[in-house]
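Work through the exercises below with the sequence and the model side by side, and try each task before reading its solution.

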Amino acid sequence: MEITRIATVRLTSISAVKDESEILEKDEAKKRIIDAMTQKFNIDDVEILDVQDFIMDQEKGDEE
């Protein structure tokens, strides 16, 4: 008898950057996550469902 088990896992990666120069293009971010998951955890299939950017622009003096 042979049994094959498939586990589907949803992971969320949250990262913050100091400025725009550190922001990767969404396609590059997807590729890096897929490569890391495939290599580190020996995962057969990685699908990135969505990449979202939340940008907050704070001007100095608005914090009062």
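The exercises go from the overall form to single residues.

This is a predicted model, in which local features need pLDDT of at least 70 and side-chain atom pairs count only at pLDDT 80 or more, while totals for chains, interfaces and linings use all residues. Residues are numbered from 1 along each chain as its sequence is written, and side-chain values use heavy atoms, with hydrogens and water left out.

**Exercise 1.** Describe the overall form of the protein.

Solution. Begin with the secondary structure, which consists of one helix and zero strands, where helices (H or I, at least four residues) and strands (E, at least two) are DSSP runs numbered from the N terminus. Next, take the radius of gyration, which is 18 Å, whereas a compact globule of 64 residues would have one near 11 Å; this radius is taken over C-alpha atoms, and the globule rule is 2.2 Å times the number of residues to the power 0.38. Finally, the box filled by the C-alpha atoms along the principal axes is roughly 70 × 20 × 15 Å.

**Exercise 2.** Determine how much of the protein is buried.

Solution. Of the 64 residues, 6% count as buried, with buried meaning under 20% relative accessible area, exposed over 50%, and partly exposed in between (1.4 Å probe, protein chains only).
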